[in-house]
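Subject: Structure handover

Hello,

Here is the structure for your next look. My notes follow below it.

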Amino acid sequence: MENPFPQRLKAARCAAKLTQMQLGQRLGLDDNTASARMNQYEKGKHSPDYQTLRRIAGVLGVPVAYFYCDDDALAELICVLAKQSLATRAALLAALNTDNTV
């Protein structure tokens, strides 16, 4: 399976209506390298370290786990669940686990 990170990053960036340059700038990257760095991430040439990925996720409003999920439906669920309150997440988890244990 191919690394899902590059396509997830591009999808989240586009959904946030940001250019590569704008995303890099919001991360505090130098204007001279912001676009190139984001392009390398989206092309899969380089991957950010975890702390950088957390910052990217924060700017784009998605959970870090979204970037690594290789199933499209599950990736979308991760984003939807992340927007729910803790109480709602707990209730959903309990409902889903009625017959299964984690």
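α1 (5-15), α2 (20-26) and α4 (50-60) are among the elements that cover the buried residues of α3. Please keep in mind that this is a predicted model.

Which residues of α3 are buried? Within helix α3 (residues 34-43), they are A34, M38, Y41 and E42. These residues span an arc of only 95 degrees around the axis, so they sit on the same side of α3. G44 comes after α3. The phi of G44 is positive, near 80 degrees.

Next, the core. The largest nonpolar core has 21 residues. L9, L23, I56, L60, V62, Y66 and F67 touch the most other members. Two or more residues come from each of α1, α3, α4 and α5. The top contributor is α4, with four residues.

Then D71. D71 lies in the loop between α4 and α5 (72-82). Is D71 buried, exposed or partly exposed? D71 is partly exposed, because its relative accessible area is 36%, which falls between the 20% limit for buried and the 50% limit for exposed. The D71 side chain reaches two backbone nitrogens: that of A73 at 3.1 Å and that of L74 at 2.7 Å.

Best wishes

Definitions and conventions
Residues numbered from 1 in each chain as written. Predicted model: local features only at pLDDT ≥ 70, side-chain atom pairs only at ≥ 80, totals over all residues. Heavy atoms only, no water. Buried < 20%, exposed > 50% of the residue type's maximum accessible area, 1.4 Å probe, protein only. Arc of directions from axis to C-beta. Contact = heavy atoms within 4.5 Å. Polar contact = N/O pair within 3.5 Å; in protein donor to acceptor, adjacent residues only side chain to side chain. Core = buried A, V, L, I, M, F, W, Y, C linked by side-chain atoms within 4.5 Å.
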